Amino acid sequence: GGGASGLSAGISALKNGIKKVLILDRNIDLGGNLNLFINNGFGEYYLNRNVTGPELASKLIRDYRALNGSFKSDTEVLKVSNDKVIRYVNPEEGIQEIKANSIIIATGCREKFTGNIDIPIHKYVGILTLFASLRLINIHGYLPGKNVVIVGDNKVASILARRLKIEGSRNVTFLDTSINGLKKEYKDIFEGFNVNLKRCKKIIEIYGKERIESLDIINFDTGEIENISCDSLILKVGYYPELGTLRQSIIDKKENG
């Protein structure tokens, strides 16, 4: 993994006497999820100040290269064996194996799919996850929609709501799914950007043709049903550890007495 954890571990190893470090990362660019977040709030542990995600990624990559750290991008690890042989594949080399003295697993987590949330999506176009939407906007330069509904309760969802307004979405409705209400620090993120915040709501039905056109939400307290028009629905679906490499590997599980 070549995100913040992998790069930081590589830099630390090289600074502490390890002669050769190789990072294998499935993405084309190093930096991992740091590349998605153009807001401040990263780097305190490394720079003693907060910077944007891409700024921290650039600094980590520069420092890693300056220490003669090696990396292979666009590379998928297929298997790790007990004798520390790593099998990987990439477009240039095909399938290869390499022997290591030590291996650090820094694969982080992956966003779940829309099917992991209890909402009837009906396979309409225009239904995305938080990270997919951030990638569309910040990496590829595409706006997910002009009339957007976001379902979430965390900082990432709040940042996305603000980002959509900045980039030209006319209407952004934020459905707060938290039990106790959205934290003030999260609400402050889109304060002044005319984001429509709705609390105690749940989606019960979605309508459209090829693309989503509207949805019904129900108020938990009153049972009142409201229809909201939209051309995009963005879902917070949660994350799970990226364990694909470990599942394909044979590693002894040893317990410390």
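How many helices and strands are there in the protein? There are seven helices and 17 strands, where helices (H or I, at least four residues) and strands (E, at least two) are DSSP runs numbered from the N terminus. This is a predicted model, in which local features need pLDDT of at least 70, side-chain atom pairs count only at pLDDT 80 or more, and totals for chains, interfaces and linings use all residues. Residues are numbered from 1 along each chain as its sequence is written, and side-chain values use heavy atoms, with hydrogens and water left out.

**Whole chain**

Of its 257 residues, 41% are buried (under 20% relative accessible area; exposed is over 50%, partly exposed in between; 1.4 Å probe, protein chains only).

Next, colour by pLDDT, the predictor's confidence in each residue, from 0 to 100. The protein averages 90, and 93% of the residues score at least 70. Select strand β1 (residues 22–24), where confidence is highest, at 98; then select helix α7 (residues 244–247), where confidence is lowest, at a mean of 72. Where pLDDT is low, the predicted coordinates should not be read in detail.

**The largest nonpolar core**

Now select Leu 130, Ile 150, Leu 160, Ala 161, Leu 164, Phe 174 and Ile 234, which touch the most other members of the 20-residue largest nonpolar core. Such a core is a set of buried Ala, Val, Leu, Ile, Met, Phe, Trp, Tyr and Cys residues joined through side-chain atoms within 4.5 Å. Display α4 (130–139), β10 (147–152), α5 (155–167) and β11 (171–176), the elements that give two or more residues to this core. Helix α5 supplies the largest share, five residues.

A second, separate core has 15 residues; among them are Ile 127, Ile 203, Ile 206 and Leu 215.

**Leu 160**

Return to helix α5 and centre the view on Leu 160. Is this side chain's residue buried or exposed? Leu 160 is buried, with a relative accessible area of 0%. Setting aside residues up to four places away in sequence, select the residues that Leu 160 touches: Leu 130, Ser 133, Leu 134, Ile 137, Ile 150 and Ile 234. Contact here means heavy atoms within 4.5 Å.

Finally, draw a C-alpha to C-alpha distance from Leu 160 to Cys 109: the two are 51 residues apart in sequence and 19 Å apart in space.
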